[in-house]
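Here is a short briefing on helix packing and overall fold. Look over the sequence and the model, then work through the points below.

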Amino acid sequence: MALYLIGIGLHDAQDLTLKGLAIVKRAHKVYLDTYTSLLQFSPEELQELSGKEVIPASREMLERQSERILEEARTQDVALLIAGSPMAATTHFHFLLEGKKRKILVYVVENASVFSAVGITGLFLYKFGMTLSIPRRHEHLDTPYQKFLQNRQSGLHTLFLLDTEGNPLSAREGLDYLLSKGLAKDTLVVGCAALGSLHPEIVVDAAAALHLKTLPQCFIIPGELHFIEEEALAFWKAYGLR
């Protein structure tokens with residue numbers, strides 16, 4: 001008996017790996033994290049794929065009722081399905097850590113993550129600095145902009161993730177926040193949307209002008225560019241991917 005933390009990828013139910021699907025099919029109970037990322041499909045789609053009831057897991061359940069889920073895994077196989085990579089959010093590492101403390105078996109089944117998917121932009125992944133999140137309530141928040149300045153001073157790229165709880169924050173709203181803190185309007189930005197799908201949206205534009213049409217969204221402010229990165233961004237700027 002064990003708890004399985006299963007990544008389900010970035011786009012739709014079909015991104016669930018064969019390994020993950022096999023575990024879900026034999027699990028006694030299946031939860032779906034509906035809090036830490038914006039899902040592009042419904043629990044019903046996963047139910048149809050796996051033949052199992054899929055229970056939506058809210059923030060309340062994941063953070064305040066995690067003990068219940070762990071104790072269920074002491075006597076039965078429990079699967080927690082998580083968008084992207086299961087270890088990308090500290091919320092899920094808590095399950096791994098607490099499970100080990102309680103001598104409950106916890107297994108991790110990996111999948112694609114936004115942290116690797118942004119490689120489609122042509123920016124070198126090893127040149128990214130601290131990833132920053134912009135919450136919806138950011139009017140009096142300075143930390144994301146100050147941390148960005150530290151990345152920029154080191155010549156590093158900065159990936160900005162956007163709040164997806166409730167009404168998802170758009171790249172436009174995130175950039176307007178940075179502009180209000182002092183970001184120059186002509187700063188080069190790479191916008192990304194629907195990563196992991198067959199039709200992702202990649203847009204290169206100035207901070208004051210960038211717009212994305214699809215969800216979920218994130219954006220990158222590049223640091224110092226290698227000539228291959230310059231060529232890649234010139235390609236996206238010329239041809240785009242929408």
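This is a predicted model: local features need pLDDT of at least 70, side-chain atom pairs count only at pLDDT 80 or more; totals for chains, interfaces and linings use all residues.

Residues are numbered from 1 along each chain as its sequence is written, and side-chain values use heavy atoms, with hydrogens and water left out.

**Packing of α4 and α5**

- Helix α4 spans residues 66–75 and helix α5 spans residues 90–101. Helices here are DSSP runs (H or I, at least four residues), numbered from the N terminus.
- The two pack at about 55 degrees, with axes 11 Å apart. Axes are lines fitted to C-alpha atoms, for helices over the stretch in contact, and angles run from 0 to 180 degrees between N-to-C directions.
- The crossing of α4 and α5 is right-handed (the near helix is turned clockwise from the far one by less than a right angle).
- From α4, S66, I69 and L70 meet H94, F95, E98 and G99 of α5. Contact means heavy atoms within 4.5 Å.
- By class, the α4–α5 contact has 3 nonpolar, 3 polar and 1 charged residues. Ala, Val, Leu, Ile, Met, Phe, Trp, Tyr, Cys and Pro count as nonpolar, Asp, Glu, Lys and Arg as charged, and the others, Gly among them, as polar.

**S66 in α4**

- S66 sits in helix α4.
- S66 counts as buried, at 6% relative accessibility (buried is under 20% relative accessible area, exposed over 50%, partly exposed in between; 1.4 Å probe, protein chains only).
- Leaving out residues up to four places away in sequence, S66 touches M61, H94 and F95.

**Packing of α7 and α8**

- The axes of α7 (residues 143–153) and α8 (residues 171–181) come within 10 Å and cross at roughly 75 degrees.
- The pair is therefore roughly perpendicular.
- T143, P144 and Y145 of α7 make the contact with Y177, L178 and K181 of α8.
- That contact of α7 with α8 has 4 nonpolar, 1 polar and 1 charged residues.

**Whole chain**

- The chain has 9 helices and 10 strands (strands are DSSP runs of E, at least two residues).
- Buried residues make up 48% of the 242 residues.
- Among contacts with a separation of 6 or more, 74% join residues 24 or more positions apart.
- The C-alpha atoms fill a box of roughly 55 × 35 × 30 Å along the principal axes.

Conventions: Angles under 35 degrees count as roughly parallel, over 145 as roughly antiparallel, 65 to 115 as roughly perpendicular and the rest as oblique.
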